[in-house]
Amino acid sequence: MERLRDGLWRWTARHPEWHPGEFGAEVASFAALAGDTTLLIDPLLPEDEEAEASEPGPVLSAIDAIVGDRLAILITIPYHVRSSEQLWRRYRKDTETTIHGHGACAKRLEDARAFRAIEPGLLGAAATSELPGGVTAHTIGKPRRHEMPLHLPSHDALVFGDAIAEAGGRLVMWAADRVDDKVATFYRERFAPSVRPLLELGAENVLVTHGRPLLGGGRQALREALDRRPWYHHG
């Protein structure tokens, strides 16, 4: 568990589907304290740590140490439900625990009793103002994506699932297809404008699940990413 700043941590685990050596084979998850609420964002436990284990490993031990009376598990994109249900089962007896994400996350849960769907809003606008810890989710994409970046005012941070990544020390728009003129035009004219309103939040820290976080200068780095051609990597 890596401490990024007071009350904010990051850990990584092997991607459950990607092969070692490829970009994205290691993915990041985040933990944060926001008032009386502990936040876990896109949590993926390492392979050797199970939520029900009697002897937790280093990641679970670190989470155990910061979980209090209220735990909110926040999902940026349905693909990142991952260990959410395991963690809910671990903490639900002693802690008020809920899982929040796009409605499509529900089908990835065997038991959805703790799940609370985030109602989509206008593109770029807050999808809800009722998430724990003062967090807001924001819709992006045209057509609209299931991914909803999260704004953590408690840590002056934006969190992206797959739409924005870090590569070579800078933020990039991560394209799903090889970038030709048609793809570049789509990102310039349709996708980037849907993300640009998030700059108005003024968040200086940008946390990504693929690549390193940018702590400080994140707003300008995101602006520059939206002005560049999208980035494509396929192993």
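Both Tyr187 and Phe191 are buried, where buried means under 20% relative accessible area, exposed over 50% and partly exposed in between (1.4 Å probe, protein chains only). The model is predicted, with local features needing pLDDT of at least 70 and side-chain atom pairs counting only at pLDDT 80 or more, while totals for chains, interfaces and linings use all residues. Residues are numbered from 1 along each chain as its sequence is written, and side-chain values use heavy atoms, with hydrogens and water left out.

A search of the whole structure turns up three aromatic pairs; rings of Phe, Tyr and Trp (its six-membered ring) pair if their centres lie within 6.5 Å, and planes under 30 degrees apart count as stacked, over 60 as edge-to-face and the rest as tilted. Phe186 and Tyr187 have ring centres 5.6 Å apart and planes at 80°, so this pair goes down as edge-to-face. Tyr187 also pairs edge-to-face with Phe191, at 5.3 Å centre to centre and 65° between the planes. About one helical turn separates Tyr187 from Phe191, because they sit four residues apart in helix α3 (residues 181-195); helices (H or I, at least four residues) and strands (E, at least two) are DSSP runs numbered from the N terminus. Phe186, Tyr187 and Phe191 make up one aromatic cluster. Within it, Phe186 is partly exposed at 28% relative accessible area, whereas Tyr187 comes in at 5%.

On to the strands. Seven of them form an open sheet of mixed pairing, in the order β1-β2-β3-β4-β5-β6-β7, where two strands pair if DSSP finds at least two bridges between them. β1 (2-5) and β7 (115-117) are the edge strands, each pairing on one side only. From one strand to the next the twist averages 25°; axes are lines fitted to C-alpha atoms, for helices over the stretch in contact, and angles run from 0 to 180 degrees between N-to-C directions. Strand β6 (residues 96-101) pairs with β7 in the parallel sense over three bridges, and Ile99 has Phe115 in β7 as its bridge partner. Helix α2 (residues 84-91) packs on the sheet and touches β4, β5 (70-74) and β6, with its direction at about 165° to that of β6; contact here means heavy atoms within 4.5 Å.

Elsewhere, β11 (residues 164-167) and β12 (residues 170-173) run antiparallel and are joined by four bridges. Glu166 stands opposite Leu171 in β12. The two strands form a hairpin with two residues between them, and Gly168 in the turn has a positive phi of about 65°.
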